[in-house]
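Please work through each task before reading its solution.

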Amino acid sequence: SATSTNVPPTITPTSSPSSFPTTIPSSMPTSYPTVKPSSPPSEIPTSLPTGVPIFVPTSYPTATPISIPSAVPTSLPSSFPTPFPTTHVPSSSRPTLTSFPTTFNPSLSPTAQGSSSIPSAPPTLSGESIVMGSFLLEGDMTASDVEENKDVFEYAIASSVGVDASTVDISVDEVRRRRLTSLEVAYIIRPSSSKVDSIMTALLTVESNDLETALITAQDAVGATIDMSLISIESMTTPVRMDTDYPSLLPTLLPCQNIDTIIEAPILKQAAFDKTGASLVLTFDVATDRASYLVGAEFPCSKVFDFTDAASSSCFWTTNQHLIADVSALTSLYPGDNVSLASDNTVKNECEDWIEQRCDCFASASSNYTITVELPS
């Protein structure tokens, strides 16, 4: 048989590579990458990370963060606060004084110094006296009907005894009777101490039919969702006076006449026709409370101003300091005519909550100051 021999490689290789690669590489790999990669990268990444991290961060955080925090804090706070407070010294050794409390949890120790060495006024006993009573209603109505028309009942009671309706409060209970459902309406009157005796006397003389008439009058004055003429008063209890003698819940405020820093009431500064002559532009010297009207809401000019045919024109506020009066329908208002504030106007200074001031002491603008209507500028 023929004996196989190792044939040495030829000195001159062929120009075509062999069909299969050799088992031994031809030489050591080069230290530099080739200009062209051997093939495109695979679509699926390898399961092991590369030895050198990339310099561009990924768009998603790593699933296993490192335990060492970064040297520079992030711009966004973490979801949960740290359980350990910082050891840095506060920026200021003195707290910042604010007009209003900044927390509902007071400190355990009081401050070293009070807000003022002078109290607002000596505390007073409330000395409040209230008058209580009730009456039974008969008619086609429910307890919710009475609740919806509380202002009508309060007005009727107040007018019957000569007090302001704001001093009267009512409540209603449904009481089962033999053959019908009656409504018991209880009232409380909180008058000034000087009027308690006269109110008690007046209530003792009020009869059921008197209160029925007062309810019909109140319906016309206040407006009601039910017909008060269909209601009858079955009975009235004897009123009871109760005197209290305990400190008021709130500290006694210093009387307005004892305050020297109350700012002066607004003054009507200018009234001038616009260029069309159909409107009158009115300006105050300072910002006002707009007499409680909303900006843009129309109201009769006579509620605030006194000028010729003011009741026939409508006004609206454009800012807290300026109004416009629609006088296009007037034929009797001319340049040089007088304009003043109505005697019962309620225009006061603007109350700014962020300033410590007694807004309840603000006075309404004076009606004694008169200006003349000007031509448009």
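**Exercise 1.** Classify cysteine 256 by its relative accessibility: is the residue buried, partly exposed or exposed?

*Solution.* The model is a predicted one. Cysteine 256 has a relative accessibility of 32%. Buried requires under 20% and exposed over 50%, so cysteine 256 counts as partly exposed.

**Exercise 2.** Determine which residue cysteine 256 is joined to by a disulfide, and the handedness of the link.

*Solution.* Step one: the disulfide partner of cysteine 256 is cysteine 361, with an S to S distance of 1.9 Å. Step two: the torsion about this S-S bond is about -80°, and the disulfide is therefore left-handed. Step three: cysteine 256 sits in the loop between β5 (240–243) and β6 (268–273), while cysteine 361 sits in the loop between β12 (338–341) and β13 (370–374), so the bond ties together parts 105 residues apart in sequence. Step four: cysteine 361 is buried, because its relative accessibility is 12%.

**Exercise 3.** State how many disulfides the whole structure holds and give their pattern.

*Solution.* The search finds 3 disulfides. Among them is that of cysteine 351 and cysteine 359, with sulfur atoms 1.7 Å apart. Counting bonded cysteines along the chain gives the pattern 1-6, 2-3, 4-5.

Methods
Residues are numbered from 1 along each chain as its sequence is written. This is a predicted model: local features need pLDDT of at least 70, side-chain atom pairs count only at pLDDT 80 or more; totals for chains, interfaces and linings use all residues. Side-chain values use heavy atoms; hydrogens and water are left out. A disulfide is a pair of cysteine sulfur atoms within 2.5 Å. Helices (H or I, at least four residues) and strands (E, at least two) are DSSP runs, numbered from the N terminus. Buried means under 20% relative accessible area, exposed over 50%, partly exposed in between (1.4 Å probe, protein chains only).
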